[in-house]
Each structure stands twice: as C-alpha cells, then as structure tokens.
2 protein chains.
Amino acid sequence: MSTTEHVMSKFLNNPDDIVPESLAGLEAAHRDLVTVDAENQVVLRAGGPVEGKVALVSGGGSGHEPLHGGFVGLGMLDAACAGAVFTSPVPDQMLAGSKAADGGAGVLHIVKNYTGDVLNFKMAADMLDDDGVQVETVLVNDDVAVEDSLYTAGRRGTGATVLLEKIAGARAEQRASLQEVAAVAQRVNDGSRSFGVALSSCTPPSAGSPIFQISQGEIELGVGIHGEPGRRRGQLGSAAEVASQMATPILDDLGLESGSRVLAFVNGLGGTPAIELYVLYGELSKLLADRGIEVGRSLVGSYITSLEMAGASFTLLELDSELEALWDAPVHTPALRWGV
Amino acid sequence: MSTTEHVMSKFLNNPDDIVPESLAGLEAAHRDLVTVDAENQVVLRAGGPVEGKVALVSGGGSGHEPLHGGFVGLGMLDAACAGAVFTSPVPDQMLAGSKAADGGAGVLHIVKNYTGDVLNFKMAADMLDDDGVQVETVLVNDDVAVEDSLYTAGRRGTGATVLLEKIAGARAEQRASLQEVAAVAQRVNDGSRSFGVALSSCTPPSAGSPIFQISQGEIELGVGIHGEPGRRRGQLGSAAEVASQMATPILDDLGLESGSRVLAFVNGLGGTPAIELYVLYGELSKLLADRGIEVGRSLVGSYITSLEMAGASFTLLELDSELEALWDAPVHTPALRWGV
C-alpha cells in the first residue's frame, strides 16, 4: 500500500494512474456490461462484438465521466477510448477499439469537435479503411457558447454527445445500416444545442493545480468541458437568471417555434449536486413553457463532466417521433439504464 | 426575475426557497413518476396510492438528494417528506404523506436514526394510529463510524437507506403484508454497514457559510451526512489507504466470512465525480477479494449526499438469494431505474 500523502483533495493513488485505475474500477463494478482492454485503455462491451450490428465507437480525454466508458453496453456504445485527463486518445487506441468492436457491419466514430480528437479519429479511420473496415464519422458540435475556442475550430462538442450516443445506439440495435445509423446521429447533432456555465474550476490530477481561477460568487458563462473560457465572466445571479443566460442562446440558435417538442437535458459538471440541478430544471421548464415549447423527455444528472467542477449545462434536442422512440428504447450501461 | 447576486457558488434563487424550488423541478422533470404536494413538501408517487400495496414513506432533512424524493416511484417509495436542509420534516408532513400514500394495506415508515426524525416520525405514527392507519417503523442505523453523534443517540442512518428503500419497495410490490415488508427492511438494515469520509465541507444555503473547516489534503474519517465530525481528522492518504480506512471498520463490524456475498455500494457525497468513485470502487473490490468476499451486486454513484461535499461512503450489505432477487426487481424512480 502506498503511503503517499497529497494536497489535492481527491481520491487517487499516483495521479498519473487515475485513468487506468478508474477504468479498472468500472470493469470491476460492471463485469456483466463491460470489459476493459487495459493495454489500450479501451472500454469494450462485454461478450465481444455483436455480429451484424453497426459498432459505435467513441472516446476522448478522460475527466468527463461517465462519458464515454460509462455508456458502453446494450443500446449505446460498443467501445470507448479513454485518453489521459483532458487529452485526446491516440489513433492506435481508436484502431484497437474499432477492431475489437466491429461486428462486420461497419463502425461509427462519434467524435466531439476538439482538434486533437478530430485528427486522431481521422487517422484511425484511414487505418481502418486500409484494413477494409467501413467507417463513418459523426462530429458533435452542439455548444453555442463560442464559435472557436482554445481546443477547437468551430463549435465544441458537449452535452449532445450523450443524447447522440443513446439514440444512435438504439438505431444500431435495430440492425440499421451504417449509413442509417450515421444519418440519425447526424440528425441528433443538428437538432441539439448546449450551453454551459462554471461556478468553480477543476484540478487535473497530473497538473495538481486548478486550470483557472474563479472567485466565490462569480460565474464563467459559456465554459467548455475542459475549463476553456466562455463568453464572459460575471457575477453569479439567481438560478432564474442563470437559466435564462443558458437557455436563451440555445433557443435563439435552434429557432424553435411554439408547439415544438424537445428533450431537455440538465447536466451537472461534476461538483454540483442534484438539489441544485433540479432548481435549474424548474427554471428551464418555466422558460420553455413561456415560449410554448413542450418537454417530451428529460434527463437530469451529471453525465458529461469536467472533473469536480461546480457548474451545469443545458442541452435541448428537438424531438420527433423517431428520435423519441429511439430515446425510449432499452439501454443497459453503467451510467444509463432502462427497459432492461 | 430576481436580480439577487450572492456569494455562495450555488444555483439558487432565495436561499430559503431551495427545497420547494428543487421539488418543483423534480416534479417538472418526472411528471410520469411523481407528484409534489407543495403545501406539505411531500413527493408522492404519481397516480395516487396503490390499492392493496403496503405504502413506503420516508423523509428527512433535504440536502441529501436524490434521497428521498428521487426514490419515489414503482418499486421504491410511495411518499418522501422533505424537511429544510439538514432539518427533520415535521409530523404533519409525515401524516400528510402517509395518508396520501396509504393504499389500505398499511404504511412502513423508513426513518434514518437522527433524533429529530425519530421523534417526528413517532408522533406521526401515533397520530396515524389514532386515525386507524396501521404503521410499522424501521430505523436505519448502519453507520459504524461513531456510536453517538451530534444528532443521534446510537448509530446514524446513511447509505443503507438507499438499499433498504429499494429492497423493501420491491417486497411491497409483491403485495407482501406490512409485517413481511417491515421484516425484510429490518433484515437489510441488520445486514448493512457504512462508513463515510469527507474531503471538503458544504454550505447550507440558509446559513451561507461552510458548516466546518477542512484544509486541502485533509480528510475527515467517519463523517456524517450533515458534516458531523467523525472519528478523527487526518492527512489524506492514497485511494488505497482511504478505501482500507473505510472498508475495515465495516468488515470488522459485519464479521463477514470468506465466501460471503455482498452488495457493494460506493456513494459520492455530492462534490466527488465518477472518475474518483470508480478509483475507490477498484480499491474496495481488491480488499473484498483479499478476504474472499464475493461482490454479487454493485452500485456506484451519488445517491445519498451532503449538498456539494467532496467525499464518499462505502456501504456493504450481506446478500442472500431473497435480497438479491428483490434488488434485481424492476424499479422506476427519478434516480434509480431498471427493468422497466
């Protein structure tokens, strides 16, 4: 047993081992659902590839748990590649994950729009193509807060990733073709917008110090999931004000009309408890009702996080009957489960 | 819209309204599952009482979400009474909740062992008895950290509450009698032990300042879910060391033999993200394997919290085939769902 004492207030052993150790814990807790390829840091669906089903492969930097490894299982992902905290996985991981997950019907890469992820998934897709594996890629870029950022050209991929992985996963379970699964994934991305805010910073374990400074009572509006700066720093207002600051740019950008039906997703960034997320949900539901927008489905919880950051994001997805039925389809993963 | 600016880094409007507003958000997000009696601050199962089924009624101070309101629905609670943050609800709430939930087969009160809750539930039970409603009470006192505390005579009720509400809820769905449901609830409590640790304090909204002070790199061993002091304050060690500090007193107290089978529950206290909880789970699973104890079921997540406190608790429940089958039975609540 190590006798390390450390000043970061986190549960960890050697800070450099947090990702493999967390993956090992995920596997130990959910052996019925997932297997971890420890060498490649890839979470795989237990039982091996599903023959004849399109394989969904995602991944990205760690620190956003349960995304992505917590979403591997029936009705969602077949493989999730875990990079170091806030660092893209490398193409070899994506190659290993895709090959292990491929059931002969092709592979869909679900890529959040960050420069490193995009480049590395592209390289992996090229290698898979050389090996005769069919690959389609869907880019998630739902964050309306900023057009370009520290890590991206164009919009960042945030909360919509969760919804897309669920819905495209359900479509794949129906044994739809690679093109059909990619098409519904694209439709989820196109119909989703997100906006996030932070009330605290977070500390990547290997760095050991917070990635930015923010005072009690301040809010970073439009923050990314790696603590990237947003639109502006301001004084924290009431929950009603914050909800409006988050929902308004989403609604303006989506251009939803009265009578539209949405999935409303209130996400915690890791350090914000449920009591506050539900206060925000209540405010969001009032804002939507004021505009005549109906909430068809909801999701409230910490599903795409930024380590222990206190903060939240809203994601709205415009629903239609197909997306709603795919959302309702059975799912059984470590972090999302129903119908089974 | 309020223009309040406040220095607490929380999503809220008037700090005194956080409980009713969070309940309103819970109802708005899960109208298919719950109804909120706003006057009494009671979360009720949607659709009214289930005729012929024993009604499970719990409650306690708020700030522990999703406990208890997030566990109302099929296969768990019929009513949850929400007090102010870290403050027992009053007997009138328990009376209202019990009457609204009663389906004619009696009511089980699930009471965490804190002096206020115990007294108030007792008064409510007496009033219900006067009104001819059959009531049984099960006291949850699973916390092995301290014998008496700031708020209790005897052990505190913590993580076992979640497991008990799930398992007794499943037994009630089978239309077992009040005595049978109470008996299995008692069995879960008797077979469960918990231990919690804190790495940060938390701030009750109405107080506006942290309830205790703890420095970066310190750990409070044996903390309660209201920030009550535990066994001792120390330097934070490695995750392996912390896991051993939590698991050892539980295992010593439960007296599990090699070959025993447990449900292992790693719970976050509100501000600790999933990546760290899974590191702890990995360490716990190694400690259990070393003793020859088999993990039959697991639960990892933030289910009984202490506002935004960074920290975690372990709960172990000795399983048998009946408890395991009841754990696996369908549940559909805002915070716990499977099989439906």
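How far apart are the end C-alpha atoms of helix H7 of chain A? Select residues 274-290 of chain A to find out: the ends lie 24 Å apart, which agrees with the 24 Å that 17 residues should span at 1.5 Å a residue. (That expected span is 1.5 Å times one less than the number of residues; helices, H or I runs of at least four residues, and strands, E runs of at least two, come from DSSP and are numbered from the N terminus.)

Before moving on, note that this is a predicted model, where local features need pLDDT of at least 70, side-chain atom pairs count only at pLDDT 80 or more, and totals for chains, interfaces and linings use all residues. Residues are numbered from 1 along each chain as its sequence is written, chains are lettered from A in the order in which they are written, and side-chain values use heavy atoms, without hydrogens and water.

Stay with H7(A) and colour by burial: 13 of its 17 residues are buried, meaning under 20% relative accessible area with a 1.4 Å probe, protein chains only. After the helix, click Gly292(A), which has a positive phi near 75 degrees.

Next, show both chains. Here 63 residues of chain B are in contact with 64 residues of chain A, with heavy atoms within 4.5 Å. Highlight Phe11(B), Ile275(B) and Tyr278(B): they supply 17% of the area that chain B buries against chain A, more than any other three residues. (Buried area is the accessible area, 1.4 Å probe, lost on putting two parts together, summed over both.) Together the chains bury about 5100 Å², 61% of it on carbon and sulfur atoms.

Technical notes
Buried < 20%, exposed > 50% of the residue type's maximum accessible area, 1.4 Å probe, protein only.
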